[in-house]
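Please keep the sequence and the coordinates in view while reading.

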Amino acid sequence: MTFDQARWTADEERYEPLLSEKHTREVEVESSLPDGLTRDTLELPDLSEPELARHYTRLSEMNYGVENGPFPLGSCTMKYNPKFTEDVAANPHAAVHPDRSPESVQGTLELLYRLQDYLGRIGGMDAVTLQPPAGAAGEFAGILVAKAYHEANGEERSEVIVPDSAHGTNFASAALAGYDVVELPGADDGRVDLEALEAAVGDDTAALMLTNPNTLGLFERDIERIADVVHEAGGLLYYDGANLNALLGRVRPGDMGFDVMHYNVHKTFATPHGGGGPGAGPVGVREDLAEFLPDPRVRRTDGGYELFTPERSIGKVHGEQGNWLVLVKAYAYIARLGDEGLSDASAKAVLNANYLASQVDYDVPFEPFHHEFVASADTDAADVAKRMLDYGVHPPTTKWPEAVPEALMTEPTEVENRASLDQLAAAFDAVAEEDEAAIESAPQRTAARRIDQAGAARNPRLSWQALDEQE
Ligand SMILES: *Cc1c(COP(=O)(O)O)cnc(C)c1O
């Protein structure tokens with residue numbers, strides 16, 4: 001398989017020009033706002049429809065996504081998002097104003113109620129809120145619920161324990177909620193070190209945040225013992241359920257002893273994500289934590305559905321019911337797949353990861369893994385990743401978790417067939433056989449070459465004015 005990405009340039013230096021660089025027109029602005037706050041004229045792009053369509057098509061041709069080929073970004077789960085969910089969300093009846101009276105939006109409330117119910121059953125949780133707009137926001141809300149629970153019991157607990165292999169957002173969520181974060185070193189086999197855990201828990205422990213299978217793809221076999229240790233100390237067990245792709249339809253966090261969890265519908269239930277959202281990070285809890293959930297939730301009444309404020313709610317974590325249309329897509333996906341489809345998805349996710357790992361010529365130090373595996377590169381993992389782009393596949397997540405040197409965290413997802421897994425394996429292995437020079441100068445065949453990643457993150461120029469000013 002060979003690959004060359006389109007590269008639309010205005011000249012040697014600049015890519016496809018911005019709309020405002022193509023053709024603009026001064027338009028007069030009329031506004032009822034005070035003069036000091038408004039401009040009299042605005043310079044706006046002035047283009048025909050074909051010009052506009054070509055502009056965006058060209059930009060898309062200089063990009064790579066799940067509709068171009070495999071995208072095995074471990075932990076992030078970039079599975080293909082089926083189009084029927086877009087059709088459902090595009091139904092004109094789905095576009096309801098959030099301030100409409102509950103009586104006039106019974107269908108909307110019913111869908112939210114049913115999704116709460118689906119997620120509760122999938123996770124083994126008694127009550128669910130759909131409000132948080134992302135996984136990290138779900139973690140934050142979940143930890144606030146745990147905090148409210150401890151406070152209601154008259155307990156002051158100051159620490160949240162997080163394994164060193166956890167997703168970075170776990171540390172951040174606990175810290176933002178006002179906790180001291182205790183980092184738990186992993187055992188040699190990549191799992192939780194029970195002795196270290198026993199030493200870490202105590203009267204100060206508010207919660208342990210755990211991912212299972214963890215970020216190495218390993219299942220925490222001692223999960224029941226772990227739950228006992230945390231519960232005996234009076235702490236809560238938090239499940240990072242961003243990625244449920246190994247568990248769907250098989251094992252439920254609630255049955256493992258978890259008290260609070262979040263779900264990433266944009267990782268597990270195939271709603272689109274990337275570039276920061278929008279997603280949805282619903283939170284599930286066991287019965288006695290339900291009264292602290294964010295406001296509002298949906299419940300059944302005699303004749304229909306209504307919104308209500310949980311008795312000791314932590315308040316709002318997002319406007320209205322959260323990212324409604326994302327929730328519609330998640331609902332459509334779960335409803336279409338059903339029990340059998342969800343179990344089938346997890347079986348294929350695990351099979352695909354294991355097949356791919358068996359085909360690549362890289363060391364995979366931790367086994368047995370499930371929906372993802374972490375390979376170790378002989379050279380700089382970031383260079384390997386850049387070179388993989390030249391083979392027309394998206395690279396894995398790199399340099400994390402740290403337990404694996406030069407980590408390539410790989411999650412092919414259930415949607416790839418054998419041919420595309422073989423294409424991925426071929427890309428991995430082709431790079432492994434190349435010399436340093438070829439790898440260090442990659443990518444060669446993409447629209448953009450090596451970009452200044454740190455600069456782009458620290459000094460983003462998000463508008464053409466910002467670009468102009470800087471230049
Ligand atoms: C992606 C991810 C998160 C955070 O979810 P966002 O929606 O990106 O905020 C948390 N934990 C794990 C394990 C993840 O993979």
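Contact means heavy atoms within 4.5 Å. This is a predicted model, in which local features need pLDDT of at least 70 and side-chain atom pairs count only at pLDDT 80 or more, while totals for chains, interfaces and linings use all residues. Residues are numbered from 1 along each chain as its sequence is written, and side-chain values use heavy atoms, with hydrogens and water left out.

Leaving aside residues up to four places away in sequence, methionine 209 touches Glu139, Ile143, Val160, Ile161, Val162, Pro163, Asn170, Ala174 and Tyr238. Methionine 209 is found in strand 6, where strands (E, at least two residues) and helices (H or I, at least four) are DSSP runs numbered from the N terminus. Because its relative accessibility is 0%, methionine 209 counts as buried, a term for under 20% relative accessible area, with exposed over 50% and partly exposed in between (1.4 Å probe, protein chains only).

A nonpolar core is a set of buried Ala, Val, Leu, Ile, Met, Phe, Trp, Tyr and Cys residues joined through side-chain atoms within 4.5 Å; the largest has 50 residues, and Phe269 and Ile334 have the most contacts inside it. Helix 11 gives the most to this core, with nine residues. Beyond residues up to four places away in sequence, isoleucine 334 touches Leu115, Tyr118, Leu119, Ile122, Phe269 and Leu342. Apart from this core lies another, of 27 residues, including Ala353, Ala377, Leu408 and Val431.

The packing of helices comes next. The axes of helix 12 (residues 381–390) and helix 13 (residues 418–432) come within 9 Å and cross at roughly 125 degrees, the axes being lines fitted to C-alpha atoms, for helices over the stretch in contact, with angles running from 0 to 180 degrees between N-to-C directions. Helix 12 is therefore oblique to helix 13, since angles under 35 degrees count as roughly parallel, over 145 as roughly antiparallel, 65 to 115 as roughly perpendicular and the rest as oblique. Val384, Arg387 and Met388 of helix 12 make this contact with Leu424, Ala427, Phe428 and Val431 of helix 13.

Helix 11 and helix 13 pack at an angle of about 40 degrees, with their axes 9 Å apart.
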